[in-house]
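User: Hi! I'm new to reading protein structures, and I'd like to go through this one with you. Could you put it up for us?

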Amino acid sequence: MATTLTQTHPLLTQPFSAATDFTLLADYCEQFVETALESDDPALKMALCARLNTCLRVLEPGLLEPIPDHLKDSFTVDTLPVDTPRFEPGCIELCGYCLALTRTLARHGVMGETEQQLTRLLFDLVNYFAAEMKAPRWVRTAQGVQSIDDVPV
C-alpha cells in the first residue's frame, strides 16, 4: 500500500482571529491570493481560497470601526504619500473581469447572496469600464491640445 505524503503550505496554518489587527489580516489576504495566483496545485488553490474567505469574514464586521489607538501612529505621515491605493486595471484586464463575471453569472454557478454580490461587482466594474472608455483623453490649453495625462493638476 502506498502512502501519500501531505505537505502543508505555511499559509494554511497561519493563525488569526477577530483579535488580530486588521492590518495583519489585510497582509494575510494579500498573501493568500498571491500564493493562489502563483500556484499550479488545484488543491492548494482551493485551500488558499478557503483561508482567504475566512480571513475576509473575520475582517468584515470591523470594516467601519475606527482605527484603534495603538495603530493610529502607523497611519500618520509627515508628508503626503506619492502613491495612494487605486484600482486602475487596464482596459483589457477590466473587460476580462467583466466577461468572467458575466460567464459565471450566466451559468448560474452561484446563488443567493453570492450571486447578488457578484452582480453588484459586475455592475460596478461595467460602469467603471464604460466611464473609462468614454473618458476625455485630451484637453485644449493655451499651448494647444494636450493629453490629459500631461497637464499638471
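User: Thanks! Let's start with helix H4: how many residues does it have, and how far does it reach from its first C-alpha to its last?
Analyst: Helix H4 covers residues 91-106, which is 16 residues, and it reaches 22 Å from its first C-alpha to its last, close to the 22 Å expected at 1.5 Å a residue. The expected span of a helix is 1.5 Å times one less than its number of residues. Helices here are DSSP runs of H or I with at least four residues, and strands are runs of E with at least two, numbered from the N terminus. Before we go on, this is a predicted model, where local features need pLDDT of at least 70 and side-chain atom pairs count only at pLDDT 80 or more, while totals for chains, interfaces and linings use all residues. Residues are numbered from 1 along each chain as its sequence is written, and side-chain values use heavy atoms, with hydrogens and water left out.

User: Good to know. Which residues of H4 are buried?
Analyst: Leu94, Cys98, Leu101 and Leu105 are buried in H4. Buried means under 20% relative accessible area, exposed means over 50%, and partly exposed is in between, using a 1.4 Å probe and protein chains only.

User: Why do they line one face of the helix?
Analyst: Seen down the axis of H4, the buried residues fall within an arc of 65°, so they line one face. The arc is that of the directions from the helix axis to the C-beta atoms. As background, an α-helix has 3.6 residues a turn, so residues three or four places apart point the same way.

User: What do those buried residues pack against, and which exposed residues are on the face turned away?
Analyst: The buried residues of H4 pack against H5, where contact means heavy atoms within 4.5 Å. The face turned away from the buried side carries the exposed residues Ile92 and Ala106. After H4 comes histidine 108, whose phi is positive, near 55°.

User: Now H1. Which of its residues are buried?
Analyst: In H1 the buried residues are Leu25, Tyr28, Cys29, Phe32, Thr35 and Ala36. Seen down the axis of H1, they fall within an arc of 140°, so they line one face of the helix. Glu30, Leu37 and Glu38 are exposed on the other side of H1. The buried residues of H1 pack against H2.

User: And H2, which residues are buried there?
Analyst: Leu44, Leu48, Arg51, Leu52, Cys55 and Leu59 are buried in H2. They cover an arc of only 105° around the axis, which puts them on the same side of H2. What covers these buried residues includes H1. On the other side of H2, Pro42, Ala43 and Met46 are exposed.

User: What about the loop between H1 and H2, which residue lies there?
Analyst: Serine 39 lies in that loop. Serine 39 is buried, with a relative accessible area of 9%. Not counting residues up to four places away in sequence, serine 39 touches Leu44 and Lys45.

User: Where is leucine 11, and what does it touch?
Analyst: Leucine 11 is in the segment before H1, and leucine 11 is buried, with a relative accessible area of 8%. Leaving out residues up to four places away in sequence, leucine 11 touches Gln31, Phe32, Thr35, Leu48 and Arg51. Leucine 11 and cysteine 55 are 44 residues apart in sequence and 12 Å apart in space, C-alpha to C-alpha.

User: Changing topic: how much space lies in the largest pocket?
Analyst: About 650 Å³ lies in the largest pocket. On a 1 Å grid over the protein atoms alone, a pocket is an open set of points with protein on both sides within 12 Å along at least five of seven lines, whereas a cavity is a set where a 1.4 Å probe fits but cannot get out; lining residues have an atom within 4 Å of a point. Grid points are joined across faces, edges and corners, and a volume is the space filled by probe spheres set on the points.

User: Which residues lie nearest its centre?
Analyst: Of the 13 residues lining the largest pocket, Asn53, Leu56, Arg57, Glu60 and Gln117 lie nearest its centre. H2 supplies the largest share of that lining, with 6 residues.
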